[in-house]
Amino acid sequence: MSAASRAVQRTDRTRSRAAVVTGAAVAAALLLSACGSGGKSGGSGDTGFVTGSDGIATVDKGSRAQAPELSGKTIDGKQLDVADYKGKIVVLNVWGSWCGPCRLEAKNFVKVSEDLKDQGVQFVGINTRDTSTTPALAFEKAHGVEYPSLYDPTGKLMLRFKKGTLNPQTIPSTLVLDRDGKVASRSLSALSEDNLRKMLKPILAEK
């Protein structure tokens with residue numbers, strides 16, 4: 001094979017690799033724009049979060065911020081005020097029926113909510129960016145979700161949290177409120193069952 005032929009082959013291989021990398025980058029960008037990606041906070045506020053290697057961020061008990069007022073209609077038309085659960089640990093899961101990772105983690109939330117409901121743990125969803133409640137209700141039926149979800153199509157409830165706590169573009173997200181209604185831990189990506197339990201374990205142990 002001539003030197004010129006070898007040079008052409010090298011050029012073709014380089015272009016092929018570049019096309020693969022570019023395609024992967026485009027696919028990743030589309031995924032991020034559709035559902036958001038974990039790992040970044042919603043602003044530069046001093047929230048006291050310390051993020052572990054598993055992506056779970058925690059706040060020391062003495063540095064926790066009080067959760068804002070979170071009330072309104074649920075996706076099935078009932079009235080809900082998260083403050084009514086004070087004294088319980090509250091798991092707030094921000095989700096949308098359009099979000100692939102939300103579908104993947106739903107079974108984990110259903111399982112853990114059932115396991116811990118008798119230990120003073122209440123799960124509450126915040127449904128966002130669904131233009132009507134119809135797909136949200138279908139999502140809950142498909143995945144067996146029985147705990148309530150506030151309907152927050154424009155993300156206004158998320159924006160009530162202290163700057164840096166949540167990013168409205170990052171779905172799914174999960175916050176755990178301690179028994180005093182303060183933000184104790186956070187995940188800005190889909191959670192496995194093990195990591196969800198890991199988030200809750202130290203807060204359950206608090207007295």
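Arg-129 sits in the loop between β6 (121-127) and α3 (133-143); helices (H or I, at least four residues) and strands (E, at least two) are DSSP runs numbered from the N terminus. Although Arg-129 is not a glycine, its phi is positive, about 65°.

Please keep in mind that this is a predicted model, where local features need pLDDT of at least 70 and side-chain atom pairs count only at pLDDT 80 or more, while totals for chains, interfaces and linings use all residues. Residues are numbered from 1 along each chain as its sequence is written, and side-chain values use heavy atoms, with hydrogens and water left out.

## A cis peptide bond

Most residues other than glycine have a negative phi, and most peptide bonds are trans. The bond joining Ile-171 and Pro-172 is cis, with omega about 0°. Pro-172 belongs to the loop between β7 (149-151) and β8 (173-177).

Seven strands form an open sheet with mixed pairing, in the order β1-β2-β9-β8-β5-β6-β7; two strands pair if DSSP finds at least two bridges between them. At the edges are β1 (50-51) and β7, each of which pairs on one side only. Strand β5 (residues 89-95) runs antiparallel to β8, joined by five bridges, and Val-90 stands opposite Leu-177 in β8. Helix α3 packs on this sheet and touches β5, β6 and β7 (contact means heavy atoms within 4.5 Å). The direction of α3 makes about 120° with that of β5, where axes are lines fitted to C-alpha atoms, for helices over the stretch in contact, and angles run from 0 to 180 degrees between N-to-C directions.

Ala-142 is part of helix α3 and counts as exposed, at 64% relative accessibility. Its C-alpha atom is separated by 9.5 Å from that of Arg-103, 39 residues apart along the chain.

## The largest pocket

The largest pocket holds about 190 Å³ of space. A pocket is an open set of points on a 1 Å grid over the protein atoms alone, where a 1.4 Å probe fits, with protein on both sides within 12 Å along at least five of seven lines; lining residues have an atom within 4 Å of a point. Of its 15 lining residues, Gln-66, Ala-67, Val-82, Ala-83 and Gly-181 lie nearest the centre.

Terms used
Grid points are joined across faces, edges and corners, and a volume is the space filled by probe spheres set on the points. Buried means under 20% relative accessible area, exposed over 50%, partly exposed in between (1.4 Å probe, protein chains only).
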